Amino acid sequence: MSKTFKLDGREIPFETGQTIMDAALAAGVYIPHLCHNPELAPHGSCRVCLVDIGERQVSACTAAASEGMEVDSSSETIQATRRAILQMLFVEGNHVCPACEKSGACQLQAVAYYTGMLAPHFTHFFPRRPVDASHPDVVIDFNRCILCELCVRASRDHDGKRVFAISGRGLESHLVIDSPSGLLGDSCFAAADKAAHVCPTGAILPKGRGYETPIGERLYDREPISIVGDVRAHEEEVV
Amino acid sequence: MAEKPRVATVSLCGCFGCHMSLLDIDERILDLVDLVTFDRTPLTDIKTLGDCDLGLIEGGVANAENVEVLLEFRRRCKVLVAFGACAVNGGIPAMRNQFSLAECLRESYCDGIGVHNPGIPNDPEIPLLLNQVHPIHEVVAIDYVLPGCPPSADTIWTFLTEFLEGKPIAFSYTQIHFD
């Protein structure tokens, strides 16, 4: 008989070694997340997937599931904390949704919709960040980077290239590119790399295919991410 | 009969798209004029602001006049609404925050393509630009938010009807969009 834990009152089966997120995804239960991708090692950095276990809040993507635990992922308190985390992500970058071609198929946006976020609430940082259009096939807009490190992990663990890394500390943290000039066009990055297809926001975008899907027909226009799932699962449809 | 609620609207640093979306409520605007009295708004072309129950602010805060108008709306409106993306987070105009004001002015009036008689305007009637464009919640307290660029007519209608009926505002999934 398999082991189970309770997630919002529902019994979720799991195997030893699985995280709360692994088991929830396998059971078809949505826990909001940005830096998690089941194909890559968990990172636990965005904290959007935080859940209550008794008195503690943990990230579901890194916390191991255990027999009989009771997990709360849907209380208003948890949703409010997630909203605050998302609002901080929005004001720390420059997320100009009306000017972004990933809009409508953006996981940051979709998770914000899911949590009921209507406004950024906090004071905007309006940081000055560059756009790197040096690569022939892919553009990087650092304004939209949320430091989830999915591209870092994909390039290192899947592509075997280590094109990306995070440099700096605290507010100075930023994505850097391994090339003599620091530009993507001078690196060994290729559009076929997995790292080119994991970004949950519009920070890494293919060139020459923008705005293909009309407003109203984009991935998250009609149905929430809790039903449609992550953008990576629809890569061919939306990119 | 009690006096109808007074509603004012204004466009600060925006493109007027949110007001166009308000007009997109189509024939329902006839119901709306039965329910409210419009005070200062581009729809009436009234230039002065009276005491109002509801103020809808389109656009962000980009110049000294925007600050004055916004402060007056906050003083005279019981409830203030950030109406659309520019009011909510600065929107497209805030993309100039990536550059210094001097760079923006030089590009617009001196170095830009097709500029004749280059020179930065300095007529005293032109409101002074702020160094950055700000969402309105960074200048005054706001009570409600209508996201979207622009918010759809249905989003606006949901807000107005539920607000006027004194109900909690509840948007459906398809009414919450940031773009």
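B:Pro150 sits in the loop between strand 7 (144-146) and helix 6 (153-164) of chain B; helices (H or I, at least four residues) and strands (E, at least two) are DSSP runs, numbered from the N terminus. The peptide bond joining B:Cys149 and B:Pro150 is cis, with omega about -5 degrees.

This is a predicted model, where local features need pLDDT of at least 70, side-chain atom pairs count only at pLDDT 80 or more, and totals for chains, interfaces and linings use all residues. Residues are numbered from 1 along each chain as its sequence is written, chains are lettered from A and ligands numbered from 1 in the order written, and side-chain values use heavy atoms, leaving out hydrogens and water.

## Positive phi

Most residues other than glycine have a negative phi. A:Arg162 has phi near 55 degrees, in the loop between helix 4 (150-158) and strand 8 (164-167) of chain A. B:Asp45 has phi near 65 degrees, in the loop between strand 2 (37-38) and strand 3 (52-58) of chain B.

## Aromatic pairs

Rings of Phe, Tyr and Trp (its six-membered ring) pair if their centres lie within 6.5 Å; planes under 30 degrees apart are stacked, over 60 edge-to-face, the rest tilted. The count comes to 9 aromatic pairs over all chains. A:Tyr113 and B:Tyr173 have ring centres 6.1 Å apart and planes at 85 degrees, so they're edge-to-face. A:Tyr113 lies in helix 3 (residues 107-114) of chain A and B:Tyr173 in the segment after helix 6 of chain B, so this pair joins two chains.

Ring pairs also link A:Phe90, A:Tyr113, B:Tyr173 and B:Phe178 into a cluster.
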